[in-house]
Amino acid sequence: MAVNQELVGREFPPSAPYLVGREKVREFARAVFADAPQHTDVEAARAAGFDDVVAPPTFAMVIQDHTLQQLLAEPDSGIVLARTIHAEQKFSYSRPIVAGDELIGRLSVTGIRMMGGNAMITSAAEITDAAGAHVVTATSVLLVGAEEGAA
């Protein structure tokens with residue numbers, strides 16, 4: 001089954017709220033070698049003007065992943081995980097993510113580009129806080145390889 005072109009424009013329900021934990025931020029910072037003190041030290045974060053430790057910019061992927069799981073679970077998507085790679089990622093922030101934030105993501109498929117049987121699926125996850133204010137838009141491109149024998 002080829003990637004369903006009718007995914008473009010599809011919007012998914014909001015993800016379950018994700019409470020950003022201080023230790024999760026610290027673990028993520030260590031994992032991505034983000035060694036600025038505001039990622040691990042509450043006092044350093046407060047001295048920089050934040051309420052708590054600040055997540056590295058790529059932390060938004062944690063919340064975006066919850067939204068992408070909705071897309072990957074769509075029975076009519078034509079997306080085969082075994083032939084899928086994460087090809088591109090970008091973030092557009094209104095403000096940093098800090099420990100204590102409760103975040104919700106809403107995914108929409110914004111485009112599909114076909115190239116020789118391969119599909120590049122672009123999606124955007126609008127991530128908001130508990131008050132509904134925009135925090136970050138995480139945009140991903142998934143590359144779904146062609147079925148064997150297709151071109």
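Colleague: Which residues of α3 are buried?

Modeller: A60, I63, Q64, T67, L68 and L71. Buried means under 20% relative accessible area, exposed over 50%, and partly exposed in between, with a 1.4 Å probe and protein chains only. This is a predicted model: local features need pLDDT of at least 70, side-chain atom pairs count only at pLDDT 80 or more, and totals for chains, interfaces and linings use all residues. Residues are numbered from 1 along each chain as its sequence is written, and side-chain values use heavy atoms, leaving out hydrogens and water.

Colleague: What do the buried residues of α3 pack against?

Modeller: Against β1, β2, β3, β4 and β5, where contact means heavy atoms within 4.5 Å. Helices (H or I, at least four residues) and strands (E, at least two) are DSSP runs, numbered from the N terminus.

Colleague: Where is the kink in α3?

Modeller: The kink is centred on H66 and is about 30°. That bend is the angle between axes fitted to the seven residues ending there and the seven starting there.

Colleague: Switching to the sheet, what is the strand order?

Modeller: β1-β3-β4-β5-β2, an open sheet of 5 strands with antiparallel pairing. Two strands pair if DSSP finds at least two bridges between them. The edge strands, β1 (18–19) and β2 (84–93), each pair on one side only.

Colleague: How many bridges join β1 to β3?

Modeller: 2 bridges, and the strands run antiparallel. Y18 stands opposite L103 in β3.

Colleague: And A133, where is that?

Modeller: A133 is in the loop between β4 and β5. A133 has a relative accessible area of 35%, so it counts as partly exposed.
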